[in-house]
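Dear colleague,

Please find the structure below, handed over together with my notes on what was found in it.

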Amino acid sequence: MSGPAPAEAALSRRNLLRGKLAEGPAVAGWQDMAGAPTVPGDVLWAVHACGETLFVGGDEGTILQFDGALWRRSRLSARVPVHAIAGDPETALLAVGWMGAVWRFDGTDWRLERGCEVGADGKYAACAENTPLFGLAADGEGRFWAVGDDGTILHFDGEGWHAEASGTRFHLRAVTMLGDGRVLAAGANGTVLIRGHDGAWSAGDCPVATTIHSALALAPDDVLLAGGRYFLDAGGFRGDLLRWDGKGFRKLDPGPGVTRLRALAALSGGALAVGDRGQSFRIAGERVTRRADGTSHDLLGLAVTASGAAVAAGDFGTLLAGDGATAPAPVVRTRPAPCWDRMSTGTDRQIWAVWQHPETGTAYACGEEGLVLRREGDGWEALPPVGTLGLHALAASEDGGVLAAGQMGEIHHFDGTRWRRHFDLKLDVTILALWSDGAGTMIAAGDEGLVLRWTGESWTRMVSGTQSALYALYALWGPDPEHLLAVGDSGLVLRWNGRNWQEFTCGSEAFLFGVWGTGLDNIFVTGLSGTIRHFDGQGWRAAPTRMRNDLLAISGKGAEAVAVGTAGAALRHDGKAWRSEATGFDGGLRAVSATGPAILAAGDGGAILRRRGP
């Protein structure tokens, strides 16, 4: 940021938490905020609450920030109006405004990352990137949608901004996440657009040709829309309040004399709306109740803090606080659209392993009671069961067939036509992992520190090197037969150097269920409670993911890796960072394969998912 030094003003945290954000006599539930560093010439467009922290944006690049104790006034390097703020400091906090400006907050300063392009004449250029932006919504996972003039819709996918085809040239003023992965945008002439799970925008049939300034999703199929129309006979604006139930629109009646409505915010059991001339309304179901005005100035922005204090901002430096008598709406995390499709398997048995041939794409899955499936197009066919015992691991055999291993230390071989028993340990020990180079070297691992090696003629037991024979080994990976890793209970990692297995640590005591890498200088392990550790050739470090689900498997190809786990969790690493993905599945995902042309995940209830797109 640039400009004069930020102004700061003190305000008691205790007063904020009690909803006493004002001084002087109360005006029907609204009071001027105490200590806020506003000036009479301010036009304040946006209010955003992150817990009890407030961000207020206005003209001339003005940003006001209240951290619970102090106000801070700053001015952005681009002196253009700030129209909307969304997100949170943990994932990403952005603001948008005039001249297509997009700013990102780094915890201290706001940095311009898009828009405000200047031409050779030193003035803002007449280009698409400078199209004014007015609305902004975040999905809680680091993705954003911004809308503006001429039907502009921009999508930040976690890596960069991309324009999306809206199908309209009407100005868009509002955007909201519906909570099920869809997005709703709205604007002039009653324009309402819905972004489906396929990423395409389609128009809704809104019967009121009003300009919608604010949209608020209370549920995936319950959205409030607020705006207004200019009437010549009245010589001014009249407010409109609509409700969309996923099928159609209906008008709510806010009563007579309602002028243009500008902003909406969720409250427990309903919502609050504010608009021109300081009007405000409480919405509960179909009932709209007028609150007494707290000012005669237009109110343009609105937010509700975690403690239930409503904060409204507007022109002439207006900044008001509610009386704290209302409760905030429960925090609901929006769910991004699933990018995985469930395939038809014809079974409800649990699946423990999935494997693909890296070149042909031939895929197999195995699980409970000897279940083995083979992929056929968009579905899976069941092969004759391999006995009645559970199968936990799959790998390529040296003759081009497939190995399956599992309970009682059994290993079976499939030549494409029939199964035969390849090995029987004759002990109540389960084989949980298989590794093969496809050229004759095959390793198996499992319960009680078990490690087996195929010599070309038979399977022999190896000394694993683990200090506890009670530890299980859940996964195997290696770039070649001379360099292998096995991971298991309590952070156990075993390393094979071509001569012997040695135990070492990755810096975690969590149970580790998956291991994969591209080489000896790029290895990931996954485990309990979202554990991901990365080895860069020098040392192990925790990978930041914010994931709390147990991560039960990992696989990859090239620079891309995918990890899956409990409650349908999926994470994708693009070579730079891990990002959470919605699978649309709530059961456990216990296996993943990204070695072939598709990315497949499998788990509870016979589920096999295929990831869409690149």
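Tyr-230, Leu-232 and Phe-237 make a nonpolar surface patch of about 350 Å², a patch being built from residues with over 30% relative accessible area and no salt bridge, where nonpolar side chains (Val, Leu, Ile, Met, Phe, Trp, Tyr) are joined within 5 Å and like charges within 9 Å. Areas come from the Shrake-Rupley method with a 1.4 Å probe, and for residues only the protein chains shown count as cover; a salt bridge is a side-chain nitrogen of Lys or Arg within 4 Å of a carboxyl oxygen of Asp or Glu. Leu-232 sits in the loop between strand 20 (222–231) and strand 21 (236–244), strands being DSSP runs (E, at least two residues) numbered from the N terminus. With a relative accessible area of 77%, Leu-232 is exposed (exposed is over 50%, buried under 20%, partly exposed in between).

This is a predicted model, in which local features need pLDDT of at least 70 and side-chain atom pairs count only at pLDDT 80 or more, while totals for chains, interfaces and linings use all residues. Residues are numbered from 1 along each chain as its sequence is written, and side-chain values use heavy atoms, with hydrogens and water left out.

Ser-490, with phi near 50°, lies in the loop between strand 44 (483–488) and strand 45 (492–496) and is partly exposed at 32% relative accessible area. Ser-529, with phi near 55°, is in the loop between strand 48 (522–527) and strand 49 (532–535), and is partly exposed at 46%.

Best regards

Methods:
Helix = DSSP H or I, 4+ residues; strand = E, 2+ residues; numbered from the N terminus. Buried < 20%, exposed > 50% of the residue type's maximum accessible area, 1.4 Å probe, protein only.
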